[in-house]
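Subject: Structure handover

Hello,

Here is the structure I promised to pass on. Please open it alongside this email, and my notes follow below.

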Amino acid sequence: MSTAEDLGFATALVRLSHLVQRAFIDVGRSHDLTPQQAQLLCVLAQGEKGVGMTELGRMLNLEKSSVTGLVDRVQRRALVERVADAGDRRALKITLTEEGLRLANAAHEGVVEKLEEMASELPVDQREAVAAAAWRMAPEG
């Protein structure tokens with residue numbers, strides 16, 4: 001059996017990404033959301049005045065057509081709305097509805113709780129080291 005040291009850094013990051021994805025799956029399911037919908041709502045909850053489609057694609061690492069379909073599905077559930085961008089009449093911003101904000105907050109809290117639970121047995125210094133490394137590797141979005 002391999003030890004953690006034998007598996008390497010990249011493998012450890014992939015395993016960690018699977019744990020994060022599992023948190024979004026579990027929390028999404030409890031709110032009748034797909035993991036992608038839960039991620040979208042969490043991202044939108046961070047943007048005060050809405051987020052443009054291009055920016056959403058970058059933040060979620062999705063192609064434009066995938067973002068459009070994802071937004072269409074949550075808009076049909078009245079969780080988001082498309083509003084005109086005050087700075088560019090041709091562009092739209094995606095904003096949360098009141099229900100979307102409620103669900104986004106619940107999803108975010110649920111994911112945070114799941115991740116905290118997953119890391120509960122790690123000593124504080126290891127948790128802080130993982131957090132510091134993650135912020136250095138991905139400082140934005």
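Is A78 buried, partly exposed or exposed? A78 has a relative accessible area of 43%, so it counts as partly exposed. Keep in mind that this is a predicted model.

**Overall layout**

The protein chain has seven helices and three strands. Along the sequence they run in the pattern α-α-α-β-α-α-β-β-α-α. The C-alpha trace spans about 55 × 30 × 25 Å along its principal axes. There are 141 residues in the protein chain, and 27% of them count as buried. Take the contacts in the chain with a separation of 6 or more: 48% of these join residues 24 or more positions apart.

A78 sits in the loop between α5 and β2 (80–85). Its phi is near 60 degrees, which is a positive value in a residue other than glycine.

T97 lies between β3 (88–96) and α6 (98–118). A polar atom of the T97 side chain is 2.7 Å from the backbone oxygen of A78. Setting aside residues up to four places away in sequence, T97 touches A78, L79, V80 and E81. T97 has a relative accessibility of 18%; buried means under 20%, so T97 counts as buried.

Helices α3, α4 and α5 give three packed pairs to look at. Two packed helices are described by the angle between their axes and the distance between the axes.

Start with α3 (residues 35–46) and α4 (residues 53–60). Their axes come within 11 Å and cross at roughly 120 degrees. That angle makes α3 oblique to α4. The crossing of α3 and α4 is right-handed. From α3, the residues Q39, L40, V43 and L44 take part; from α4, they meet L56, M59 and L60. By class, this contact of α3 with α4 has six nonpolar residues, one polar and no charged.

Next come α4 and α5 (residues 64–76). Here the axes come within 9 Å, and the crossing is at roughly 105 degrees. So α4 is roughly perpendicular to α5. On the α4 side are M53, L56, G57 and L60; on the α5 side they meet V67, T68, L70 and V71. The contact of α4 with α5 divides into six nonpolar residues, two polar and no charged.

The last pair is α3 and α5. Their axes are 10 Å apart, at an angle of about 85 degrees. This makes α3 roughly perpendicular to α5. Q36, Q37 and L40 in α3 meet L70, V71, R73 and V74 in α5. The contact of α3 with α5 contains four nonpolar, two polar and one charged residues.

**The loop between α4 and α5**

N61 is placed in the loop between α4 and α5. Like A78, N61 is a non-glycine residue with a positive phi, near 60 degrees. What is its accessibility, buried or exposed? N61 is at 71% relative accessibility, so it counts as exposed.

**Around the end of α2**

S30 belongs to helix α2 (residues 9–30). With a relative accessible area of 55%, S30 is exposed. S30 and M53 are 23 residues apart in sequence, and their C-alpha atoms are 27 Å apart in space.

H31 is in the loop between α2 and α3. H31 has 24% relative accessibility, so it counts as partly exposed. Which residues does H31 contact, leaving aside neighbours within four places in sequence? They are R77, L103, A106 and A107. H31 and L103 are 72 residues apart in sequence, yet 7.6 Å apart in space, C-alpha to C-alpha.

Best wishes

Notes: Residues numbered from 1 in each chain as written. Predicted model: local features only at pLDDT ≥ 70, side-chain atom pairs only at ≥ 80, totals over all residues. Heavy atoms only, no water. Helix = DSSP H or I, 4+ residues; strand = E, 2+ residues; numbered from the N terminus. Buried < 20%, exposed > 50% of the residue type's maximum accessible area, 1.4 Å probe, protein only. Polar contact = N/O pair within 3.5 Å; in protein donor to acceptor, adjacent residues only side chain to side chain. Contact = heavy atoms within 4.5 Å. Axes fitted to C-alpha atoms, helices over the stretch in contact; angles between N-to-C directions. Parallel < 35°, antiparallel > 145°, perpendicular 65-115°, else oblique. Left-handed = near helix turned anticlockwise from the far one by under 90°. Nonpolar A, V, L, I, M, F, W, Y, C, P; charged D, E, K, R; others polar.
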